[in-house]
Amino acid sequence: MIAESMYQELILEHYKHPQGRGLRDPYDAEVHHVNPTCGDEVTLRVKLGDGGKVLDVSYDGQGCSISQAAASVLYELATGSTVEESLSVVDEFTRLMQGRGQVEADEDVLGDAVAFAGVAKFPARVKCALLSWMAYKDAVLRSQV
Amino acid sequence: MSVPSFDVERIRKDFPILSRELPGGRPLVYLDSGNSSQKPNQVIDAMRDHLAQHYSNVGRALHALGSESTEAYEAARDKIGQFIGAPSRDEVIFTKNASEAINLVAYAFGNPVNTDDRFRVGPGDEIVITEMEHHSNIVPWQLLAQRTGATLRWFSVTDQGRLSLDNLDELVNERTKIVSIAHQSNVLGTVNSISPILDRVREVGALMMVDASQSVPHRPVDVADLDVDFVAFTGHKMAGPSGIGVLWGRRELLEAMPPFLGGGEMIEAVWMDHSTYAPVPHKFEAGTPPIVEAVGLGAAVDYLTSIGMDAIKQHERELTGYALDALGEIPGLRIIGPRTVIARGGTVSFTLEGIHPHDVGQILDDVFGVAVRVGHHCARPLHLRFGIPATTRASFYLYNTTAEIDALVRGLHHVQKVFG
């Protein structure tokens, strides 16, 4: 019953009640990422403000509970923080997800995203968790050029 | 025709993997045979015996092992030829898989070295497939269209998961060079009627190929009865090993076609600037072939024949009817494909309202040991047609039981509890 531990209450809550979902204007960059193995997809927009402030992250897409909950958690963590802060969270989250379950997560950096630690034990699902986070990183880079 | 009695418990004993336990003491409930089937001892033993006692390269070694290995390899061809009713054993070509078999045929079209008019393809010519194809019967034809400037067209699929033949006469016309369709859908389970399409194909002078990857393992298929020009299928879905597939083609067409891969064993004579080729089937079998895999597939065909393909078909029909009834009672479950057992095989795909198939598959596997396939099953266009990103698919074979379908249904109720 390892998988049940993957589906933390926090993940299921975010899945059933996604935060910040829906595409909004205005935005600086929009990206569309897909996971070719399962067909999950996300369209994501970022709006940045003065001093590298992340004013809004809006998204829409389809996918499993892991991918949808990860997008919702990303929205909560990134909106209101700075580009620099949020990208360091993305890096820590990526390290955790790619750690095959061997990596100790830094809870101070990750906040709620630490609930995804169990996903790292399922290689087939790591891409689900990372989909919107990689899209966010891509969108931020594009909006800065 | 009388159907021999079918003892599924005895059959299960032939497949050692079915009695293994998964981590945590879960029993294995394998409902993913449409993806790849499990192997009986008869196949495992035949392959082990060949490796242990007879192995050597084929066709070129003069020593005792060389001739034993060649004999076993060619005997497998005989068995497979008989199994599918091939008029000649030389029409059975071993490939790596069904994808290679289809690519081999597609490569013969619009190929400058092939001057046979039936294979000439250029701008204005048309290739016809269907919306329910596996990617392996889509992409090779897309590549052919791109190469030659020909137009790729397709039959659409009805809401019930049947092929729509309404525009058959328009779709298959004088510009059509080849029609390639699945015998049985790997998602819908639909078994397509070949003859109405074939009649039209013959009328316009085109060629016809059937992707029988999902039918040959599950029902009697006789290529002479089908009467099409090419049939492709794969070993690993029919109790045989992976790494071997089969192309059957009409001898006269195979002889007209250019080699697909060049290399050892496919030649007659080689000079520095040109070569002549071996007769079929070897013209299409460049390099050292999958020898042990061929032996294994021969053993698989013997095994399936000993059970009886009619009996297997009947058993799967009962399982399918049972599954359609049981799944139909689950609230929020939508079956993608025919809801009756008529002209349908034992592949049942479905969606659960509000729950992504990946989540369904993960819970089924991890809590109940139920192995199903989730995703688009290499048939993305078909999923787009139904407006869904993915489905959960249960697919049955001779060794499955109604108790396993009960386990699936229990698992789905639990999934709904977790995500409800």
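**Domains of chain B**

I looked up the domain assignment of chain B, whose bounds come from an automatic or database assignment; it gives domain 1 (8–30 + 308–419) and domain 2 (45–305). The model is predicted, so I kept in mind that local features need pLDDT of at least 70, that side-chain atom pairs count only at pLDDT 80 or more, and that totals for chains, interfaces and linings use all residues. Residues are numbered from 1 along each chain as its sequence is written, and chains are lettered from A and ligands numbered from 1 in the order in which they are written.

I took the centres of the two domains of chain B over C-alpha atoms and found 29 Å between them. Their contact takes 23 residues from domain 1 of chain B and 23 residues from domain 2 of chain B; two residues are in contact if their C-beta atoms, placed from the backbone, lie within 7 Å. On the domain 1 side, helix 11 (309–328), strand 14 (347–352), helix 13 (380–385) and strand 17 (391–395) of chain B each supply at least two residues. Helix 11 of chain B has the largest share, five residues. I sorted this side of domain 1 of chain B into 10 nonpolar, seven polar and six charged residues. Here Ala, Val, Leu, Ile, Met, Phe, Trp, Tyr, Cys and Pro count as nonpolar, Asp, Glu, Lys and Arg as charged, and the others, Gly among them, as polar.

**Chain B as a whole**

I noted 14 helices and 17 strands in chain B; these are DSSP runs numbered from the N terminus, helices being H or I of at least four residues and strands E of at least two. The C-alpha trace of chain B spans about 70 × 55 × 40 Å along its principal axes.

**Chain B against chain A**

I found that this contact takes 15 residues from chain B and 12 residues from chain A. Helix 12 (357–368) and helix 14 (402–419) of chain B each supply at least two residues of the chain B side. Helix 12 of chain B gives the most, with six residues. I classed the chain B side as six nonpolar, six polar and three charged residues.

**Two helices in chain A**

I checked helix 2 (residues 9–16) and helix 3 (residues 65–78) of chain A: they pack at about 85°, with axes 8 Å apart. Axes are lines fitted to C-alpha atoms over the stretch in contact, and angles run from 0 to 180 degrees between N-to-C directions. Helix 2 of chain A contributes Ile11(A), Leu12(A), His14(A) and Tyr15(A) to the contact. The contact residues divide into six nonpolar, four polar and no charged.
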